[in-house]
Amino acid sequence: MISIDIVILFQAVNFLVLLFLLNKLLYKPIRKVMSERAAEISAAKEKTVSVDREVQEKMARYELKLHKIKSDATEERNRMLGTARDEEAVLVEAARREAAAGLVMIRESIGKEARQAEVFLSAQAESLSKRISEKVLGRSLS
């Protein structure tokens with residue numbers, strides 16, 4: 001059977017003292033830190049929202065400027081392309097005339113270089129074939 005004596009009184013006092021100390025040393029500081037963190041988080045969220053709003057406004061202005069710049073650039077590019085096409089036609093015609101005039105000189109030069117290359121390669125081929133033969137036979141052919 002359960003008996004009620006002085007020990008229960010000591011346990012109750014001990015419990016109340018422990019409850020008081022835990023509240024004073026542990027629970028209140030933790031609640032204070034948690035409320036400070038909640039306030040910081042709330043302030044950070046508000047700042048994030050305002051920064052996000054500013055970013056959206058700046059992006060809208062940027063997109064508007066970018067669209068205008070692209071439009072201006074397209075107009076300028078089309079104008080420059082027209083000028084370039086006219087200049088290209090003049091240059092192509094001049095190049096065709098110059099190419100036709102230089103074609104004869106190039107053909108003569110190529111023929112001369114081909115003859116020189118043929119003479120050089122003949123000498124090289126003879127020298128190379130002699131060296132190969134000497135290596136294959138293992139003796140000098142001179």
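I started at the end of α1: the helix is followed by G138, whose phi is positive, near 80°. I kept in mind that this is a predicted model, where local features need pLDDT of at least 70, side-chain atom pairs count only at pLDDT 80 or more, and totals for chains, interfaces and linings use all residues. Numbering runs from 1 along each chain as its sequence is written, and side-chain values use heavy atoms, with hydrogens and water left out.

**Entry: fold**

I looked up the secondary structure and found 1 helix and 0 strands. Helices (H or I, at least four residues) and strands (E, at least two) are DSSP runs, numbered from the N terminus.

I then took the span of α1, residues 6–137. Its end C-alpha atoms lie only 125 Å apart, whereas a straight helix of 132 residues would span 196 Å at 1.5 Å a residue. The expected span is 1.5 Å times one less than the number of residues.

I noted a kink of about 45° in α1, centred on N23. The bend is the angle between axes fitted to the seven residues ending at a residue and the seven starting there.

**Entry: overall dimensions**

I read a radius of gyration of 49 Å for the protein; a compact globule of 142 residues would have one near 14 Å. The radius is taken over C-alpha atoms, and the globule rule is 2.2 Å times the number of residues to the power 0.38. Along the principal axes, the C-alpha atoms fill a box of roughly 130 × 70 × 25 Å.

**Entry: surface and charge**

I found that 1% of the 142 residues count as buried. Buried means under 20% relative accessible area, exposed over 50%, partly exposed in between (1.4 Å probe, protein chains only).

I counted 25 positive and 21 negative side chains, with the centres of the two sets 7 Å apart. Lys and Arg are positive, Asp and Glu negative; His and the chain ends are not counted. Each charge is placed at NZ of Lys, CZ of Arg, CG of Asp or CD of Glu.

I checked L22, which lies in α1. L22 counts as partly exposed because its relative accessibility is 30%. From L22 to G102 I get 104 Å, C-alpha to C-alpha, across 80 residues of sequence.

A89 is also in α1. At 48% relative accessibility, A89 counts as partly exposed. Its C-alpha is 38 Å from that of A117, 28 residues apart along the chain.

L121, in α1, is exposed, at 53%. L121 and Y27 are 94 residues apart in sequence and 100 Å apart in space, C-alpha to C-alpha.
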